[in-house]
Amino acid sequence: MTEVITAAYEKTAKAKSAKVEMTMTAPKSMGGGSGDMKMSGVMGWDPTVMDMTMSGSALTDGDPEAPEKIRMLWLDNVMYMDMGAVAAKDMDGKQWVKMDLNTIAEQVGDEKAAKQLTGGLDSMNQDPAQQLAMLLDSPNLKHAGPAKVDGVQTQRYKGRLSVKEMMESNKGLDEMLGKSEREELLKSIEKSGIKGYDTEVWVNEDDYPVRMDIDIKSPEGTMKTSQKFTEYGAAAKVTPPPAGKTFDLMDMFKELEGLGKPDADSGV
C-alpha cells in the first residue's frame, strides 16, 4: 500500500505541474474567510508557478463591490492579482496588484520574516507531491478500495495526521520557523480545537493522484479542501501583466512610510 503512495509521490514530484480544480469550504461560524472558494487553472511546483482564477462567496464576503473573480499569477516569487475595474479606480486606473516577495524581504531586512512571508503564500500552491509525502507519514494509512473519479478508475487511500504529525511532515516549516516558534504554533493550533487532518487520495492506474481531499475538523465545523488534477506536466507558463497596468504594493508602502517621516524644512 505504501508502495503505491510512494510511486505516486515520485511521479508527481517529477511532473512538477498539472491542471487543477480546487474547492475550499469553511463553516460560516469561522467568521472571516468563511464560505466557498473555487480555484482553477495551471500550477507548478519546484519552482512555484501559478495561473489560477478564484471565485466564490468567501472572496466577496458580502461586499457588493468585491470582484466576483480574481485571476492570480505567480512567477519568480512575485504574485499578481487582477482586482477588476472597480478596484482600479483606487489604484491609478491599474487593476493588477503586485506583491514582490523578494523586494519585501529586502525592505524588511529580516531573512526569517521573509521566509515566513514566502512560505505562507507558497502554501497556497497546495503542492500535491508534498501532500502525498505527508500522507505517507500517516500512522494509519489504509486502502479504501477501488473507486471512479470522473469516469477514471482509481484506488482510494485514507490517512489521518495529528497536528503534531502534520507539522513534523511539513518540511517547509523548517525553513520558516525556529524550534520555539514551531512549538508556539503547535500549541496555538491545538488550543483552537483542531484535532487533525483527514486526507483521502485517489490514484489512477498511471500512479498519479487525480483527486485529493483534506478535512480539518474544529469546534466551529469542518474546513474542506478538494482538489482534482489532470494533465500532469502541462506547461505552467506565466507572463506578468504590463507594468503600466500594475499597482506595486511596495510603492504604496514607501509612500506611506514617507508620510510618516519628519519634514526637514519645517522641523516637524
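Here is a short walk through this structure, from the whole chain down to a few residues.

What you see is a predicted model, in which local features need pLDDT of at least 70, side-chain atom pairs count only at pLDDT 80 or more, and totals for chains, interfaces and linings use all residues. Residues are numbered from 1 along each chain as its sequence is written, and side-chain values use heavy atoms, with hydrogens and water left out.

Let's start with the overall picture. The protein chain has ten helices and twelve strands; helices (H or I, at least four residues) and strands (E, at least two) are DSSP runs, numbered from the N terminus. Of its 268 residues, 40% are buried, where buried means under 20% relative accessible area, exposed means over 50%, and partly exposed is in between (1.4 Å probe, protein chains only). Take the contacts (heavy atoms within 4.5 Å) with a separation of 6 or more: 53% of them involve residues 24 or more positions apart.

Met43 has a relative accessible area of 1%.

Most residues other than glycine have a negative phi, and most peptide bonds are trans. The bond from Asp46 to Pro47, however, is cis, with omega near 5°, and Pro47 lies in the loop between S2 and strand S3 (49-55). Asn77 isn't a glycine, yet has a positive phi of about 65°; look for Asn77 in the loop between strands S4 (69-75) and S5 (78-82). Glu231 isn't a glycine either, and has a positive phi of about 50°. Glu231 belongs to the loop between strands S11 (221-230) and S12 (246-248), and is partly exposed at 49%.

Finally, on to the charged side chains. There are eight salt bridges, each a side-chain nitrogen of Lys or Arg within 4 Å of a carboxyl oxygen of Asp or Glu. One of them joins Glu200 and Arg156 (2.6 Å, N to O). Glu200 is in strand S9 (residues 196-204) and Arg156 in strand S8 (residues 152-162), so this pair ties together parts 44 residues apart in sequence. Arg160 and Asp198 also meet in a salt bridge, at 2.7 Å, N to O. Here too Arg160 is in S8 and Asp198 in S9, so parts 38 residues apart in sequence are tied together. Asp198 also pairs with Lys217 (3.9 Å, N to O), and Arg160, Asp198 and Lys217 are linked in a network of salt bridges.
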